[in-house]
Amino acid sequence: MLEKIIDNTSEYIDSMPKKERKKYGQFFTSIETARYMAELFEIPQNQDKISLLDAGAGSGILSCAMIERLEHIEGVKKVEVLCYETDENVMPLLQKNLNLAKEFSSKEVEFVIKEDNYILSQYLDFNYMVGGNFNPPKYDIVIGNPPYMKIPKEAPEAKAMPDICYGAPNMYFIFAAMGLFNLKENGEMVYIIPRSWTSGAYFKRFRDYFLSEGKLCHIHLFGSRNKVFDKEDVLQETIIIKMKKTHNTPESVTISSTNTNRDFDNCKEITVPYELVVSGEDKYVYLVTSEDEVEVLRKLNKYKKTLPDLGLKMKTGLTVDFRNRDILRDEEEEGTIPLFYSQHIKQGQVNFPIQKEHEYILTDQKGLMQDNKNYLFVKRFTAKEEPRRLQCGIYLARKFPQYNKISTQNKLNFIDGIMTEISECLVYGLYVLFNSTIYDEYYRILNGSTQVNSTEVNNMPVPELETIQEMGRKLIKIGDFSEKSCNLILEEYYG
C-alpha cells in the first residue's frame with residue numbers, strides 16, 4: 001500500500017513544477033523516513049481507538065504510514081485521521097491515497113480532510129481568546145512534515161502566535177508548536193524538521209513553549225544534508241523529533257543517527273541524560289551522537305559562568321562591506337582606518353595588511369568604528385569540510401599604535417569587554433578556550449551550521465575570569481599557539 005502511495009506521489013512531483021510546490025514549502029517524505037517515524041510511536045495495547053492528526057498532509061504519506069503501522073497492532077480497532085491541507089493541486093492525490101489506505105486496512109478507518117489554514121483556524125483556541133474553543137479536540141498522535149518556509153514577521157500566521165515568534169519566523173516551528181497544542185495529555189508527536197530551532201535567539205520563544213509544554217523523548221540525526229528527501233533538492237540540517245505532551249521531565253533522551261534516509265537498519269543509538277540534552281535558561285538542545293560528545297558536555301558544563309557573566313561579550317563585525325562600497329579603500333590614505341576581515345586571521349595571529357582589496361575604510365560614521373583595543377577575533381563563517389568551526393586570532397592594540405579606531409567586517413566576530421578593556425593575558429586565555437578541541441566540539445554539538453553565532457557563544461560555559469587569565473599567562477610563556485598546546489593548558493583545569 002505505502003509503495004503505491006509513494007509511486008502516486010512521485011508521479012505528482014514529476015508533473016508539478018518545483019516553483020509551484022515551493023510556494024507551500026512542500027517537500028515530500030520518503031517511504032523509509034515515513035515508516036521510521038511511524039515506528040517511533042508507543043501505541044498502548046489496550047487502546048481500541050486511535051485519533052491521528054497530520055497537518056500539512058501533502059499526499060498523505062505520513063498518515064498512510066501510520067495506518068500501515070497500526071494494522072499490526074491487534075488491540076486497535078478504529079483509526080480516526082484528520083488531515084490539514086490547503087494546496088488545491090495536491091488535494092486530489094491526498095484524497096486518492098487516503099482512500100487507498102482505507103481499502104487496504106482491516107481496521108475501521110475514518111478520515112477528514114480540512115482545507116482550512118492550520119494555524120489561523122485555531123489561533124483563537126491556542127491563545128485562549130474570546131471566540132475560541134476552550135475545549136478544542138485533542139489527538140492521541142500528531143505526525144508531520146511541516147512546510148519549510150520563511151515568512152515575514154507581519155504574516156498572519158506569525159501575528160497569530162506572538163508568544164512563539166520572534167524575528168524572522170519559519171512556518172515549520174509554528175506548525176510544531178500548534179501540533180503540540182493539539183495533543184492529548186501524554187500523547188505523542190513525531191515531526192521531521194530542520195535542527196535550526198535547537199539554539200539561537202530567534203527560536204527562544206518557541207523553545208520556551210515547546211520544551212515546557214512537552215518533553216523530548218527521541219531525536220534522530222542525519223549525517224547528510226542532501227540525502228533525506230527523495231526526489232527533492234534540499235540542502236538542510238534535518239532531524240526527526242519525538243515529543244510527549246507532559247510536564248514531567250524524563251531521565252533521558254534517546255538520540256539516534258544515520259547518514260541518510262536509506263540506512264535506518266544501521267542506526268546508531270545513544271541514551272543521554274535529559275539535563276545534558278536540554279540545558280540552560282534558554283533551553284538549548286545539544287545533539288550528541290557518542291559517549292565522547294556526552295563527556296564534552298559533562299566537562300564544560302562544570303563551568304557555571306558565561307562570557308557576559310565575566311563582563312565580556314562576543315559581537316558581530318560592524319561593517320557590511322557590500323553596503324558601504326563608497327567608503328572602501330584598497331590602500332591607506334589620509335583619514336582611513338583598517339578594516340579587518342576573517343582572512344587577516346592566520347595561525348592564531350592577526351596579520352595586517354595582507355595586500356587584500358578593501359582593507360581600509362574612510363568614514364566618520366561612529367557605528368562603523370570601534371576603539372583600537374585588545375580583542376579576540378573569531379571567524380563567523382567556515383566551510384563545512386574545514387576541521388574546525390571555531391577559528392580565532394589574537395588582536396593586540398599595541399601592534400597597531402598608529403590607529404585610534406579600527407573596523408571589523410561583519411563576517412568576523414570579536415570578543416570585547418562590556419565595560420572595560422581586555423588585558424593581553426585575558427585575550428590569550430580566551431584564545432586557549434576557543435582554539436581548544438573541546439570548545440570546538442562543544443560548539444559543533446550546539447550548532448550544526450557553518451556560522452559561528454555570537455548569541456550561542458555568549459551562552460557557552462567558561463571558567464572564572466582569573467582562571468582564563470592564568471591560562472593566558474601560560475600560553476604567553478609557552479609561545480606555541482597550536483590547538484594541541486591549548487588543549488594541554490585547558491586540560492589542567494577541567495580534568
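Lysine 283 sits in the loop between β10 (278–279) and β11 (284–285). This is a predicted model, and in it lysine 283 has a positive phi of about 55 degrees although it is not a glycine. From this loop we can move on to other backbone details, then to the sheet, and finally to the nonpolar cores.

**Backbone details**

- Lysine 283 has a relative accessible area of 22%, so it counts as partly exposed, given that buried means under 20%.
- Asparagine 186 also shows a positive phi in a residue other than glycine, with a value near 70 degrees.
- You will find asparagine 186 in strand β5.
- Because its relative accessibility is 44%, asparagine 186 counts as partly exposed.
- Phenylalanine 352 and proline 353 are joined by a cis peptide bond, with omega at about -10 degrees.
- Proline 353 has its place in the loop between β16 (349–350) and β17 (360–361).

**The sheet**

- Strands of a sheet pair through backbone hydrogen bonds, either parallel or antiparallel.
- Here, nine strands form an open sheet with mixed pairing, and their order is β3-β2-β1-β4-β5-β7-β6-β8-β9.
- At the edges are β3 (108–114) and β9 (268–273), each of which pairs on one side only.
- From one strand to the next, the twist averages 15 degrees.

**The nonpolar cores**

- In soluble globular proteins, nonpolar side chains tend to be buried together.
- The largest nonpolar core in this model has 146 residues, and those touching the most other members are Trp197, Ile219, Phe434 and Tyr439.
- Helix α8 (residues 171–181) gives the most to this core, contributing ten residues.
- Which residues does tyrosine 439 touch, not counting residues up to four places away in sequence? Leu300, Tyr303, Leu390, Leu433, Phe434, Met460, Pro461, Val462, Pro463 and Leu490 are the contacts of tyrosine 439 on that count.
- Another core, of 13 residues, lies apart from the largest one, and its members include Tyr360, Phe377, Tyr395 and Tyr403.

Definitions and conventions. Residues numbered from 1 in each chain as written. Predicted model: local features only at pLDDT ≥ 70, side-chain atom pairs only at ≥ 80, totals over all residues. Heavy atoms only, no water. Pairing = 2+ DSSP bridges. Helix = DSSP H or I, 4+ residues; strand = E, 2+ residues; numbered from the N terminus. Axes fitted to C-alpha atoms, helices over the stretch in contact; angles between N-to-C directions. Buried < 20%, exposed > 50% of the residue type's maximum accessible area, 1.4 Å probe, protein only. Core = buried A, V, L, I, M, F, W, Y, C linked by side-chain atoms within 4.5 Å. Contact = heavy atoms within 4.5 Å.
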